[in-house]
Amino acid sequence: MLFKTSINGWDGWSEIFDKPGIFTPLIREIFAKHKLPFAFPGQLAPGTNAVFSVGNYVVKIFVLDEILPESSASFDSEVPSLLHAARCDFPVPVVTACGCIEDSYLFRYIIYSRIFGENAEKVLPLKTPESKT
């Protein structure tokens, strides 16, 4: 078993989703499965899903369906949405791989190319309303 932490509901997910060390064995296996170079995961801005930097990639591990039932629909729509945005010339990350891995839980994931830059959460409050458009 790669993922050794028990997740008990939303509170359990909230305690671990931003801790790369807990997800490292799982991420290492995902990267090996797709023959991608592994680097130890780094923490990114927290949200609902477990999102980590891994070298030149970002891996997003979706919250479990048992915790958030609409998570699978979010997973199913994200890749087509990104592909559509790219066709419309929006600067979006390239989807490198996606899939599911069955371990102690069923984990859905997407691996993206990493777009380096400043975190919008930190930069936007410093901008004037005119510069945000």
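Ile61 is in contact with Trp13, Phe23, Leu26, Ile27, Asn49, Ala50, Phe107, Arg108 and Tyr109, leaving aside its neighbours within four places in sequence. The model is a predicted one. Ile61 is also among the residues with the most contacts inside the largest nonpolar core, and that core has 26 residues. The count of disulfides is 0.

**Largest nonpolar core**

- Besides Ile61, the residues with the most contacts inside this core are Trp13, Phe23, Phe31, Val59, Phe107 and Ile111.
- Two helices, α1 (9–16) and α2 (20–33), each give two or more residues to the core.
- The strands that do so are β2 (50–54), β3 (57–61), β4 (95–102) and β5 (106–113).
- The largest share, 5 residues, comes from α2.

- Another core, of 7 residues, lies apart from the largest one.
- Its members include Val58, Phe75, Val79 and Tyr112.

- Cys88 is in no disulfide, and the nearest cysteine sulfur, that of Cys98, is 20 Å away.
- Cys88 counts as partly exposed because its relative accessibility is 39%.
- For Cys100, the closest cysteine sulfur is also in Cys98, at 8.4 Å, which is too far for a bond, as a disulfide needs the two sulfur atoms within 2.5 Å.
- Cys100 is partly exposed as well, with a relative accessible area of 32%.

Technical notes:
Residues are numbered from 1 along each chain as its sequence is written. This is a predicted model: local features need pLDDT of at least 70, side-chain atom pairs count only at pLDDT 80 or more; totals for chains, interfaces and linings use all residues. Side-chain values use heavy atoms; hydrogens and water are left out. A nonpolar core is a set of buried Ala, Val, Leu, Ile, Met, Phe, Trp, Tyr and Cys residues joined through side-chain atoms within 4.5 Å. Buried means under 20% relative accessible area, exposed over 50%, partly exposed in between (1.4 Å probe, protein chains only). Helices (H or I, at least four residues) and strands (E, at least two) are DSSP runs, numbered from the N terminus. Contact means heavy atoms within 4.5 Å.
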